Amino acid sequence: MTADTATTLFEEHRPALMGVAYRMLGRAADAEDVVQDAWLRWSGADRTEVRDPRGFLVRITTRLAVDRLRQIKARGETYVGPWLPEPYVTDFGDTVTDSAERAVLADSVSLAVLVVLETLSPLERAVFVLREAFGYPYADIAAMLDRNEAAVRQLGARARRHVDERRPRYDVDPARRRDLTERFLDAAAGGDLAGLMELLAPDVRLVGDSGGKARAPLRVLDGADHVGRFFVGVAAKGVPDVSVRMVELNGGPAVLVLSGGKPDAVVQIDADGDRIRTVYVVRNSDKLAALTALP
């Protein structure tokens, strides 16, 4: 295998490797570092015996991501306020044509799922991601993680049960979710409390992530009145030189708020079809930096 062929193969599989690394870490910058490390391992490896380049690369990426996740957990850093994953552009385009596969990939990268995955052990998370998002057989996952298959099946069952118990599950048509997002944006931007109350479920929750770097609630807000009044207050204060655009992030529509042309916030909703059940707001500037490059 020539160097040019090795580079071509790696670039062909880069989107899948980023998908694995991001789902493992919930941090795009860390995922990019892991994929870069995987490239260094790939470029320096003896590739003459590699019969399945994709499997080989996914194995390297997964192991590197597990190591990175263990390092992050070992540091035990205290995060200011609620934590949310870094917003991730997920325009699958023509790369995923099967609607069922597209739905699985979108769900596995949603903010709701990634928040729950953050509570799993690194190995549980690896098994869940490889099995649930990418459909790898347990035997292949066992080989990737250097574990026996029975142990990997146990890890997978425990992770699946943990996720099912803790994540909300709403089956909402994408067009309906986008419509609710646009209506929510109109009501919030206009400070229309009555309009917001029509859209918000009585037990709606607002999860704001600022990391202490911007103004956002330092605890989860519960209830339509609290959440609605929060957005009315934001509208009253205003954002300097504000502009907004709809973007595809974490498998669904999201609102990107810009101030002076720079990302200021990302707002995304989960809904049950008729009402908004959760509002996610990311204002940590470190997590928004990559969105500056959006066309």
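Visitor: Is tryptophan 42 buried or exposed, and at what relative accessibility?

Guide: At 0% relative accessibility, tryptophan 42 counts as buried. Buried means under 20% relative accessible area, exposed means over 50%, and partly exposed lies in between, with a 1.4 Å probe and protein chains only. This is a predicted model, in which local features need pLDDT of at least 70 and side-chain atom pairs count only at pLDDT 80 or more, while totals for chains, interfaces and linings use all residues. Residues are numbered from 1 along each chain as its sequence is written, and side-chain values use heavy atoms, with hydrogens and water left out.

Visitor: Which ring forms an aromatic pair with tryptophan 42, and how is the pair described?

Guide: A pair of aromatic rings is described by the distance of the centres and the angle of the planes. Rings of Phe, Tyr and Trp (its six-membered ring) pair if their centres lie within 6.5 Å; planes under 30 degrees apart count as stacked, over 60 as edge-to-face and the rest as tilted. The structure holds five aromatic pairs. In one of them, tryptophan 42 and phenylalanine 56 are 5.7 Å apart, centre to centre, with 55 degrees between the planes, a tilted pair. Tryptophan 42 lies in helix α2 (residues 28–44) and phenylalanine 56 in helix α3, 14 residues apart, and the pair links these distant parts of the chain. Phenylalanine 56 counts as buried at 17% relative accessibility.

Visitor: Which pair is edge-to-face?

Guide: The ring centres of phenylalanine 230 and phenylalanine 231 are 5.2 Å apart and the planes stand at 85 degrees, so this pair is edge-to-face. Phenylalanine 230 is partly exposed, with a relative accessible area of 25%, whereas phenylalanine 231 is buried at 8%. Ring pairs also link Phe184 with Phe230 and Phe231 into a cluster.

Visitor: What span is expected of helix α3, and what span does it reach?

Guide: Helices (H or I, at least four residues) and strands (E, at least two) are DSSP runs, numbered from the N terminus. The expected span of a helix is 1.5 Å times one less than its number of residues. Helix α3 (residues 53–75) has 23 residues and reaches 33 Å from its first C-alpha to its last, close to the expected 33 Å. Glycine 76 follows α3 and has a positive phi, near 60 degrees. For helix α6 (residues 122–133), twelve residues should span 16 Å, and the end C-alpha atoms are 16 Å apart, which agrees.

Visitor: How many of the twelve residues of α6 are buried?

Guide: Ten of the twelve are buried, so α6 is largely enclosed by the rest of the structure. Among them are Pro122, Glu124, Arg125, Phe128 and Ala133. Just after α6, glycine 135 takes a positive phi of about 70 degrees.

Visitor: At what angle do α7 and α8 pack?

Guide: Two packed helices are described by the angle between their axes and the distance between the axes. Axes are lines fitted to C-alpha atoms, for helices over the stretch in contact, and angles run from 0 to 180 degrees between N-to-C directions. Helix α7 (residues 138–145) packs on helix α8 (residues 149–166) at about 105 degrees, with the axes 9 Å apart. That makes α7 roughly perpendicular to α8; angles under 35 degrees count as roughly parallel, over 145 as roughly antiparallel, 65 to 115 as roughly perpendicular and the rest as oblique. Tyr138, Ala139, Ile141 and Ala142 of α7 meet Glu149, Val152, Arg153 and Gly156 of α8, where contact means heavy atoms within 4.5 Å.

Visitor: Where is aspartate 146 found?

Guide: Aspartate 146 is in the loop between α7 and α8. Most residues other than glycine have a negative phi. The phi of aspartate 146 is positive, near 55 degrees, and the residue counts as exposed at 61% relative accessibility. Asparagine 250 likewise has a positive phi, about 50 degrees, in the loop between β3 (242–249) and β4 (252–259). Asparagine 250, however, is buried, with a relative accessible area of 2%.

Visitor: Which residues does threonine 278 touch, not counting residues up to four places away in sequence?

Guide: Threonine 278 touches Val204, Arg205, Val207, Gln268, Ile269 and Asp270 on that count. Its place is in strand β6 (residues 276–282), and at 6% relative accessibility threonine 278 counts as buried. Threonine 278 and arginine 205 are 73 residues apart in sequence and 4.8 Å apart in space, C-alpha to C-alpha.
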